[in-house]
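Please have the sequence and the coordinates open while I talk.

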Amino acid sequence: MKKIYTLLVSFLVFSGTLISLASFQPRSVHAGMIDMTDPQDTITQSVAPQVINNHVPSGFDGWTIDKAIELENFTSDAYDYKQCTWWVYNRAKEFDINYSTSMGNGGDWQFNSNYTVTTTPQLHSAVSFFPGQIVGNQWQADPTYGHVAFVEAIHPDGSILISQSGLGFNDVINYQIISASDALQLHYVIGK
C-alpha cells in the first residue's frame, strides 16, 4: 500500500509540475510567433471574422482594402484552415489570382520557380517570410515553416498593409502595417 501511495504522490507532483510548465508561457512566445514589441506599441490587429468589408479596423486610419473578404467562400481543400498558406491561397482567389496547391510552407513560397518573385512591393501579391524572420519588427515567423501574408494595400510612402492568418493569432483575420524600409527587404510572390 505504501508503494501505491508513493507512486500516486509522485504522479501528482509530476502532473502538477507539467501543468505549471504548460501554463508558463513567456509574454513573447505564442504558437510559433515571437512578439517583438511592447503590446502598447503594436500596429498589428486581429479582427473577428465578421469584419469583412472594405475597411480595416480602427487604428489603421487611411488604409482600405480593395475587395471585401468573404470567408464563406474560403476552402480548406488545398491548405489547412487558419494557416497562413490557407489565408493567402483563398484571399488571392477573391482577386482571381491563383497560387498552386503545392506551394509548401509560408517560407517556401518565395522559392517556387513557377512564380515571379521581387523585392518591390506588389499589390495583391503574397509576401513570403523566411523561417525565423522578423515580421515588421513585431514578431518572428515560425522558425521551421516561415510565414506568408497577402498585400492588401501600398501607401505612396512605400509602406504596406498585409492581411494574414495563423494559429498564433486570436482571430481568423489579422492586419499589419509594415514600414517602407522593411517592405523593401521582403519577397513578393506574384500570383497568376
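Predicted model: local features only at pLDDT ≥ 70, side-chain atom pairs only at ≥ 80, totals over all residues.

Residues are numbered from 1 along each chain as its sequence is written, and side-chain values use heavy atoms, with hydrogens and water left out.

Let me begin with helix H2, residues 84-93; helices here are DSSP runs of H or I with at least four residues, strands are runs of E with at least two, and both are numbered from the N terminus. H2 is mostly covered, nine of its ten residues being buried, where buried means under 20% relative accessible area, exposed means over 50% and partly exposed is in between, with a 1.4 Å probe and protein chains only. Among the buried residues of H2 are Trp86, Trp87, Asn90 and Arg91. What covers them includes strand S5 (126-129), together with S8, S9 and S10.

That brings me to the cores, a nonpolar core being a set of buried Ala, Val, Leu, Ile, Met, Phe, Trp, Tyr and Cys residues joined through side-chain atoms within 4.5 Å. The largest one has 30 residues, and those with the most contacts inside it are Trp87, Tyr99, Trp109 and Leu161. H2, strand S8 (147-154) and S10 each supply at least two residues of this core, and its largest share, six residues, comes from H2. A second, separate core has 14 residues, including Phe129, Trp139, Ala183 and Tyr188.

If we take Trp109 and leave aside its neighbours within four places in sequence, its contacts, meaning heavy atoms within 4.5 Å, include Tyr79, Val88, Met103, Ala126, Val148 and Val189.

Now to strand S10, residues 173-178. Which way do its side chains point, and are they buried or exposed? Ile173, Tyr175 and Ile177 point one way from S10, Asn174, Gln176 and Ile178 point the other way, and all of them are buried. With six of its six residues buried, S10 is therefore largely enclosed by the rest of the structure. Strand S9 (160-164) pairs with S10 in the antiparallel sense over five bridges, where pairing requires that DSSP finds at least two bridges between the strands.

Gln176 deserves a moment, since at 0% relative accessibility it counts as buried. A polar atom of the side chain of Gln176 lies 3.1 Å from the backbone oxygen of Val135.

Next come the aromatic pairs, of which the structure holds twelve; rings of Phe, Tyr and Trp (its six-membered ring) pair if their centres lie within 6.5 Å, and planes under 30 degrees apart count as stacked, over 60 as edge-to-face and the rest as tilted. The rings of Phe74 and Trp86 have centres 5.3 Å apart and planes at 65°, so this pair is edge-to-face. Phe74 is in the loop between strand S3 (44-47) and H2, while Trp86 is in H2, twelve residues apart. Phe74 counts as buried at 11% relative accessibility, as does Trp86 at 2%. For Tyr79 and Trp109 the centres are 6.1 Å apart and the planes at 45°, so that pair is tilted. Tyr79 lies in the loop between S3 and H2 and Trp109 in the loop between H2 and S4, so the pair ties together parts that are 30 residues apart in sequence. Ring pairs also link Tyr79, Tyr89, Tyr99, Trp109 and Tyr115 into a cluster.

Finally, the backbone angles, where the background is that most residues other than glycine have a negative phi. Lys82, in the loop between S3 and H2, has a positive phi of about 65° although it is not a glycine, and Lys82 is buried, with a relative accessible area of 11%. Asp96, in the loop between H2 and S4, has a positive phi of about 60°, but Asp96 is exposed, at 65%.

Key
Polar contact = N/O pair within 3.5 Å; in protein donor to acceptor, adjacent residues only side chain to side chain.
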